[in-house]
Amino acid sequence: MKEILIRIDGKEVAAPAGSTILEVAQQQGIPIPTLCHLDGLSDIGGCRMCIVDVDGKIVTSCTTKIAAGMEVITNNDRLAELRRLNLELIFAERNHVCSMCVSNNHCELQDLACDLGMQNVEVPYAYPRLSLDATHPKFIIDHNRCILCGRCVRVCAEIEGAHVWGIAGRGSEARVITELGVDWGDAEKCTDCGKCVEVCPTGAIVEKGKATAEMVKHPELVTTLKERREND
Amino acid sequence: MTKVRVATVWFSGCAGCHMSFLDLDELMIDLADRIEIVKSPVVDTKEFPANVDVTLIEGAIGNEEHVELVREIRKRSKIVIALGDCAVTGNVPAMRNGIPVNELLEEVYGKERTTTGTIPNEVVPRLEDRVCPVHEVIPVDYFLHGCPPPAAVIGKALLALLDGKVPELTGRELKFG
């Protein structure tokens with residue numbers, strides 16, 4: 001495959017044409033924070049955590065393909081500030097009560113707040129009144145903890161092929177829905193596979209019967225599954 | 001040596017952060033030589049004193065008394081620390097946000113729940129419409145995360161301040177929950 005030369009954090013790197021900036025950075029061991037990205041699923045640039053500076057312009061590294069001569073900066077004060085503000089907005093938009101959450105200590109959002117050094121949320125909390133749906137026999141979706149990363153939507157369509165999950169509404173009214181907005185328990189296409197549970201980065205989609213801090217997820221299972229299918 | 005004047009207050013919270021503070025164990029003995037607790041739920045002083053060096057605030061702002069007192073605390077304290085998730089984020093007390101206060105009081109104290117159905121509106125302070133973290137009412141200098149913050153984190157922050165340094169908390173020391 002044709003290789004392209006780019007400069008990433010001052011270092012000249014050759015990578016196959018068609019690679020994304022995130023892929024190249026990960027191959028080089030350069031850390032870029034991500035949230036909606038998961039190896040094995042398509043990228044949508046939804047959460048905006050993986051932003052980088054390309055020739056002075058801020059772009060999402062998971063959806064931007066490399067181009068010859070590109071100058072990429074993965075971390076500086078401006079990027080750190082933008083990422084932290086973005087993270088604060090995500091926290092402020094829903095009700096993330098870590099202390100009461102089944103995913104406490106096993107949450108990608110909680111980890112990111114530590115990694116990025118988020119001291120507090122400066123933007124006012126929205127504290128929206130949101131529902132949860134426990135009609136499925138095995139699983140629960142709690143909209144209070146959903147960050148709209150869309151991993152459930154993608155895993156259900158791309159890996160399971162069931163197309164149960166979708167997103168309805170716009171902006172702060174956006175919600176993940178099952179089928180055309182029916183209760184999850186009435187979603188006839190759901191195969192009960194639980195892949196959406198494993199890839200959900202927070203405590204939004206969880207197994208029933210878990211108490212605080214008991215929900216441990218394994219998104220890497222989906223990555224492995226995808227790799228094995230490709231190698232067969 | 002003049003002792004550093006430290007106060008702790010308890011707003012909408014469960015006292016767990018104060019329990020964690022007491023969990024400082026033997027560090028408490030070292031601290032006792034350097035600090036004086038001038039106001040705290042465990043000290044019998046009614047009024048919040050003047051000229052406090054460091055005030056640790058546990059709990060979210062949930063009623064009109066909290067709002068009034070926290071403003072007074074800011075005026076009388078050099079350094080204000082939000083102690084724990086309720087003070088930093090609103091946490092559990094803020095889970096009532098979105099429910100109109102009159103509906104909430106009716107649900108808890110109304111005729112359906114109690115024999116008299118009397119809503120308490122005398123002596124006790126009026127609830128705010130919305131519970132909020134401390135920094136939405138007054139400027140806060142430092143934030144100690146956790147429900148409760150581990151004693152080691154509280155100790156690290158206090159020792160840094162006593163040495164005239166900025167508390168440098170990183171990684172898991174910043175974990176909520």
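1. Basis. The model is predicted: local features need pLDDT of at least 70, side-chain atom pairs count only at pLDDT 80 or more, and totals for chains, interfaces and linings use all residues. Residues are numbered from 1 along each chain as its sequence is written, while chains are lettered from A and ligands numbered from 1 in the order in which they are written.

2. The sheet in chain A. Five strands form an open sheet in the order 2-1-5-3-4, with mixed pairing. Strands here are DSSP E runs of at least two residues, helices are H or I runs of at least four, and both are numbered from the N terminus. Two strands pair if DSSP finds at least two bridges between them. Strand 2 (11–16) and strand 4 (57–60) of chain A are the edges, each pairing on one side only. On average, neighbouring strands of this sheet are turned by 40° against each other, direction ignored.

3. Strand 3 (residues 51–54) and strand 5 (residues 71–73) of chain A pair in the antiparallel sense over two bridges. Val54(A) stands opposite Val72(A) in strand 5 of chain A. Helix 2 (residues 77–93) of chain A packs on the sheet and touches strand 3 and strand 4 of chain A; its direction makes about 150° with that of strand 3 of chain A. Such angles run from 0 to 180 degrees between N-to-C directions, with axes fitted to C-alpha atoms, for helices over the stretch in contact.

4. Domains of chain A. The assignment gives domain 1 (3–75) and domain 2 (82–231); the bounds come from an automatic or database domain assignment. Their C-alpha centres lie 25 Å apart. In contact are 15 residues of domain 1 and 21 residues of domain 2. Contact means C-beta atoms, placed from the backbone, within 7 Å.

5. Chain to chain. The contact takes 22 residues from chain B and 20 residues from chain A. Helix 4 (residues 85–89) of chain B gives the most to the chain B side, with three residues.

6. Pro133(B). This residue lies in the loop between strand 6 (127–132) and strand 7 (142–144) of chain B. Pro133(B) is buried because 26 other C-beta atoms lie within 10 Å. The cut-offs are 20 or more for buried, 12 or fewer for exposed, and partly exposed in between, with C-beta atoms placed from the backbone. Beyond its neighbours within four places in sequence, Pro133(B) is in contact with residues including Ala60(B), Ala82(B) and Val88(B). Pro133(B) and Ala94(B) are 39 residues apart in sequence and 8.5 Å apart in space, C-alpha to C-alpha.

Notes:
Two residues are in contact if their C-beta atoms, placed from the backbone, lie within 7 Å.
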